[in-house]
Each structure stands twice: as structure tokens, then as C-alpha cells.
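Work through these exercises with the model in view. Each task is followed by its solution.

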Amino acid sequence: MTIPVSWFLVLAAVLFGVGAFGVLTRRSALIMFMCIELMLNAVNLTFVTFARTMSDIGGQTTVFFIMVVAAAEVTVGLGIVVAVFRRRSSTSVDELSELQG
Amino acid sequence: MLATTYAIPDVLVFVSAAVMILVGAVGVIAMTNPVHSALSLILSLLGVAVAFLEQSADFLAAVEIIVYAGAIVVLFLFVIMFLGVDKSKHPHVEPLVGQRWFAGLGVAITVAGVIYLMANSHWVSGVLSASTGGTALATGAGNVTQLGDSVFTTYLLAFEATAGLLIIAVVGAVLLARRERTAEVDDVDDDVEETAADAGRFDEDVASQEVES
């Protein structure tokens, strides 16, 4: 008997939680990006799990598109990090406080 | 008990994938050195690829390794090296008092709620309520065929839209990361010269940009 679906879903939920905790607590923009990748992968794992359960290839197709969007997002995001670093020599998000009220 | 219910190789593969995923994920947020975080991210992504393989998503497992562990993490490492490894000076100081506790509490509630929802619904019992695609998912080359059929027929418009998205992302990244060249700027990546050059550039742009500090 193959591994039950619930194990993968719980694993994905925990992975998402770890990524969310990292985004909420870490201050470096780079680490926050990595944690966002973790959360995206948790969602990908859930999609693949449901694709297997429901015998529907559409779940895997969605993961394919998520990967494309994630690659584009990382490219632009790291470009922004580099541009911000040029101006302030830091990647800490705490120092980006111009919009503070 | 487990051994009687499930095949031992399947359980072993799942457990090793889970350990890789979780150890890597905790490593990403626990390491103070960004390079170590990126390497932990690779470990976690390889674990996800193993989990994909176990669920007959062969093509996605390969793409996961090539695109994520190959391209995206290398991009992260490139940017870390480009900016210089800056360890956070005080990684254990919380700028907001109690932020970690609140974050941990919120995440715990969220994850527990999701697991509760899953445990009390029909999804995890194997009963199919949604209409299925019919045929079971194939593995190996059949997986690629199925995925290709799906991408190039049902999701063709979305696939072409991603082409536009990638072009826009590339142009945007080049625009963001580009350094405006002035006469006195040379290609030497010396910090002092770079700062001086940036200061000069900002002076020139003072009419259009708000200069701070």
C-alpha cells in the first residue's frame, strides 16, 4: 500500500509553517525570499499530492506554472534587493522605513 | 504496526524525504550565514523532489532539481556573493518585543487549523468527491506525455502567457540591476569607488530624485 495522502499533506503544512515563521521573524530580505520559496514548495507538494489522489494531471500542470512564476519572481526580487543594496548598503528590511507614518 | 500496513521501502522513502525537507527548512531560518541558508534550501528542495518522485510526478521532480536547486539557488548564491556576505550583526535581537512568540503562535494556530480541516474532511480518506480526469497518472515517460498533453492543449493560453511573463521579468531584472554609467565610473568593483560613483550619480539626479541622508 502506498503512503497515505494525509502524511504528505501534513508534511506540506508543516513546511509552509516553517517558511511563514521565517518570513515573519528574519530581517534579511534574502532570507525572507528563501522562506517564500519554502512556502511555494509546500504548496507545490500539496498540488502534486492532490493530483495523485484525484488522478488529475491538472495539479501537476499547475505546479509547472507555479515554478515558472517563482523563477520570474526570484529574478525580479533579487534585482530589487541589489538595487536597494546599492542605495543603503544593507539588505535588512528594518532599515527600509521611509513610508513609516 | 507500520510495517504491516505499508510497504517498508515506501515508508523509508517518505521518512527520508520528510527529514530532508524539514531539516533543510529549519536550517534556512536558523543559520546566521546566508550561504548556509542557501545550502539548506538546496537540501529542502531535494527532499521535495524526492516527495514528487514518490507521487509519480517524475517530470516535476527533474524540473524541481534543475530550476530550483540548479538555477534559483545559484541565483541566490550569486546575489549573496555579489553583495558580500553580511551576517546579521545581532541575529538574536528582536526589534519588536515578542515578535517571535507571536509569529510562532500564529503559525502554530494556522498549521493546526489546516491539519484539523484536513482531518475532518473527506480529502484524506481517499474518497474521490471531485470528478477525476479518469486515467491514473503514469510514471516515467508517460508522465511527460500526460503533462505535455495537458500544457499544450488545455492550458495553452496560460503557457503562452508565461512566455510574456518571462520576457517582462527579464527586462525588469535587467532594468533594476543596471548601473547607470557615468564618465568617471569604471568597472572596478571597489567599494570606495562605487560609493563615490553612486554619490556623484545621485548629485546629478537631484532634480528628479529625492536624495536622502
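**Exercise 1.** Which way do α2(A) and α3(A) run relative to each other?

*Solution.* Take the axes, lines fitted to C-alpha atoms over the stretch in contact, with angles from 0 to 180 degrees between N-to-C directions. Helices are DSSP runs (H or I, at least four residues), numbered from the N terminus. α2 (residues 29-54) and α3 (residues 58-88) of chain A pack at about 175 degrees, axes 9 Å apart. Angles over 145 degrees count as roughly antiparallel. The two helices are therefore roughly antiparallel.

The model is predicted: local features need pLDDT of at least 70, side-chain atom pairs pLDDT 80 or more, and totals for chains, interfaces and linings use all residues. Residues count from 1 along each chain as its sequence is written, and chains are lettered from A and ligands numbered from 1 in the order written.

**Exercise 2.** How many residues does each chain give to the contact?

*Solution.* Contact means C-beta atoms, placed from the backbone, within 7 Å. Chain B gives 75 residues and chain A 66. On the chain B side, α4(B) supplies the largest share, eleven residues.

**Exercise 3.** Which residues of α2(B) are buried, and against what do they pack?

*Solution.* Buried means 20 or more other C-beta atoms within 10 Å of the residue's own, placed from the backbone. Among those that qualify are Phe14(B), Met20(B), Ile21(B) and Val28(B). The buried residues pack against α1 (5-25) and α2 of chain A, together with α3 of chain B.

Terms used. Angles under 35 degrees count as roughly parallel, over 145 as roughly antiparallel, 65 to 115 as roughly perpendicular and the rest as oblique. Two residues are in contact if their C-beta atoms, placed from the backbone, lie within 7 Å. A residue is buried if 20 or more other C-beta atoms lie within 10 Å of its own, exposed if 12 or fewer, and partly exposed in between; C-beta atoms are placed from the backbone.
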